[in-house]
Amino acid sequence: MSDQYDVVVIGGGPAGYVAAIRAAQGGLKTLCIDRFKTKDDEYALGGTCLNVGCIPSKALLDSSKHYEQMTGHYDVHGISFKDAAIDIGTMIGRKDKIVKQLTGGIKQLFKANKVNYIAGSGRLLKDRQVEITTDEGKQQVSGKHIILASGSVPVSIPNVEVDNKYILDNTGGLNINEVPKKFGVIGAGVIGLEMGSVWRRVGAEVTIFEAMDTFLGACDQAIAKVAAREFKKQGLDIHLSTFVKSAEVKNNQVEVIYEKGGEKHTETFDKLLVAVGRKAETEGLLSDDCGVKLTDRGQIDVNDECQTNVDNVWAVGDAVRGPMLAHKSSEEGSAVVERILGEHGHVDFNTIPWVIYTEPEIAWVGQTEEQLKEAGIEYKVGTFPFAANGRALAMNEPTGMVKLLADKETDELLGAHIFGAAASELIAECVVTMEFKGCSEDLARIVHAHPTLSEAVFEAAMSVDKRAVHKAN
């Protein structure tokens, strides 16, 4: 007879481990199964985010930012360095240490909260039975509730085969042992821009190929245009409407054939990063007779409460609809457990913040101006440049702007868009304002400390009613 649990979670990333801990804290007998392995072939909790995504990329971004500040920006402060250098091995080692500390921390949280953990692959069978495959063999457990949190994997493209030596996915892009002279990137999204920024700062010549004809199409385009100009100034060579046809390793380099404007071109790189997006990871997750349906996009089909079509089987995170963001995944994991416990689990998709950790950062929440126009919603706009913010000038980071969008009649805040220093932190007060259905006037009437970067948000809010109303048409 199989072991019986109240909750069995398949997946130990931001959705899965948070769900498992919350379930155990709620008094439920909980098991978490995860098959993620590190580059050293060791099992580790935390999924893509902690191991090869959010956390390690931010560690490298921070290291490379310090180096670039030393070599190109500290002179205005009267600070100079002779023969500044960066040791890539140390930079990668620091990243690995941070990852190990955080993934080890999840194990400790599991232990403290009495979450059972099995390193291996989980496969959902019929009647909420789960087959677990480990290095030692197979076993079977059952759960009153099953939470599928299998995450996502990188999307591949034809004629470009990842080997993580020359042609890289996000895992390989985080483990380069020396600065490539020429670094190519396919995809000008979050991963492409962030990893392109890391290697540009430490000396690589970076070229980014993007198939879309619009830069950062998900962003408010006023912000995207300012960002595009800044990234070009920094040295990121971004090609829009460009289609990579093939990539082949020749003589320890990557030969890329791409098409732009109807013409084919060839360029050679030391390393090529493939960053064209991610897709739901469901391979091996579901037996044919488990009953769980997938969408036509290969995601697990769920309703608004993350329930699948099978009773007491739930799915959360990157494996389901919605943005592939770690914080969205964690909130869904918590919300599902609250529903299992008979409480009110809630995730508001309208107030999920987005961040791109370039320099400066890009952050936004809510609707863009383009979306409001398309929806026929009349709105007001308020903007403020960081160049007029005292703290930004004192920090020598005057690039960027804050843009707020509010309903014409009610003044309710509909969207907030920031390109500038610490945008990832500044967006939070806009998220809170929108979550509580607040107005631009609410932001304008809150006292902001001086001098701070947050005053740029305050000033943008102040400017909303000084601007002409933008008609939806």
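Q: What share of the 473 residues of the protein chain counts as buried?
A: A residue is buried under 20% relative accessible area, exposed over 50% and partly exposed in between, with a 1.4 Å probe and protein chains only. In the protein chain, 51% of the 473 residues count as buried. This is a predicted model, where local features need pLDDT of at least 70, side-chain atom pairs count only at pLDDT 80 or more, and totals for chains, interfaces and linings use all residues. Residues are numbered from 1 along each chain as its sequence is written, and side-chain values use heavy atoms, leaving out hydrogens and water.

Q: How many helices and strands are in the protein chain?
A: Helices (H or I, at least four residues) and strands (E, at least two) are DSSP runs, numbered from the N terminus. The protein chain has 13 helices and 22 strands.

Q: How do strands form a sheet?
A: They pair through backbone hydrogen bonds, parallel or antiparallel. Two strands count as paired if DSSP finds at least two bridges between them. Here, five strands make an open sheet in the order 8-15-9-10-11, with parallel pairing.

Q: Why is one side of strand 8 and of strand 11 left without a neighbour in the sheet?
A: Strand 8 (167-168) and strand 11 (237-239) are at the edges, so each has a single partner strand.

Q: Which residue of strand 15 is the bridge partner of Leu168?
A: The partner is Leu273. Strand 8 and strand 15 (residues 271-274) run parallel and are joined by two bridges.
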